[in-house]
Amino acid sequence: MVAPVARKRQFGVSTHLYHNLRLSRDHLVEIAAHGFETIEVFATRTHFDYHNPAAIADLQQWLAESGLELHGIHAPIGESYIAGRWGPPLSIASIDADARAHAMAEAECALHIARRIPVKVLVAHLGLPRTPQAAAAENGRDAGRRSIEALQRLAAPLGVRVAVEVIPNELSRVGSLVHFIEEDLDLDELGAPEVGICLDFGHAHMDGDLLDAIETVSGHLITTHVHDNRGRADDHLVPFEGTIDWPAALTAVQKIGYEGTLLFEIGAHGPARETLKQARKARERMEKLLRD
């Protein structure tokens, strides 16, 4: 009897790389040309207008032409992103009913991409990152719970799982997210597929012990954001350009049995094509480490 062939691990790129620009066919062709198999679309309307059915139809065509899969959708976190500046934030954990309802409407609209294009995950932030300007009212735990439960009920019939992302705020640290999933959510009501975690390697590294974070999320890890930094700022560097110990991190990933997509959420530090060249080299190093 012939043993089944193991499925090769997929590597992807978030369109965060082109966030300052309107997403185009050329961007997807460029990602595919550098050897990546899948993408996550960063749903900000100035980058990709998920309200527009024609834009979604175009995306479907570009995916077919480039040979890429749509791994995930990043739920909207801001009204706009222009010239490196965010517009008004969107928080599905806001305790302000109107603000939360607006953020949820935007997230639901982005999720509707999956009505036309198969998608595995919707990545969502619980609240806003911790900054001096961030208001506590935007990071309400109960508001976040109600939002995530509502999103998963909408996502499940579309074959999509909701993944709450590790981000720098008290709701979204690794231990807090595990508690949130295991204790706060009504999983019996939600049923399968249940909510999971998006481990953002860069955010976890800034928050402390990345290796401990990988182990902590092991039972709930369903997707990743892979990027590097020097432990102080959220630089979104290509792996091996910051201070993350990638050999140790990838060993930890193997130890917990995660075989899912490693999705690069990198920034364009210079021309995107040059960033992708570095990302391809980083992928090759990571694949070698995963084999050894």
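Helices here are DSSP runs of H or I with at least four residues, strands are E runs of at least two, and both are numbered from the N terminus. With that settled, I looked just past helix α9 and found G257 with a positive phi of about 80°.

I am working on a predicted model, where local features need pLDDT of at least 70, side-chain atom pairs count only at pLDDT 80 or more, and totals for chains, interfaces and linings use all residues. Residues are numbered from 1 along each chain as its sequence is written, and side-chain values use heavy atoms, with hydrogens and water left out.

**Helix α9**

I went to the start of α9 next, where a side-chain oxygen of D245 comes to within 3.2 Å of the backbone nitrogen of A248.

**Aromatic rings**

I then turned to the rings. Rings of Phe, Tyr and Trp (its six-membered ring) pair if their centres lie within 6.5 Å; planes under 30 degrees apart are stacked, over 60 edge-to-face, and the rest tilted. By this rule I get 6 aromatic pairs. One of them is F11 with F264, edge-to-face at 6.2 Å centre to centre and 75° between the planes. F11 is in strand β1 (residues 11-14) and F264 in strand β10 (residues 262-264), 253 residues apart. Both F11 and F264 are buried. F201 and W246 are stacked, because their centres are 5.6 Å apart and their planes at 25°. F201 belongs to helix α7 (residues 201-207) and W246 to helix α9 (residues 246-255), so this pair ties together parts 45 residues apart in sequence.

I also saw that F11, F36 and F264 make one aromatic cluster. For charges over rings, I required NZ of Lys or CZ of Arg within 6 Å of the ring centre and within 35 degrees of the ring normal. R283 lies over the face of F36 at 5.8 Å from the ring centre, and R285 over that of F240 at 3.8 Å.

**Helix α1**

Last stop: in helix α1 (residues 25-33), I found H27, L28, E30 and I31 buried. Just after α1, G35 has a positive phi of about 90°.

Conventions: Buried means under 20% relative accessible area, exposed over 50%, partly exposed in between (1.4 Å probe, protein chains only). A polar contact is a pair of N or O atoms within 3.5 Å; within protein, one must be able to donate a hydrogen and the other to accept it, and residues adjacent in sequence count only if both atoms are side-chain atoms.
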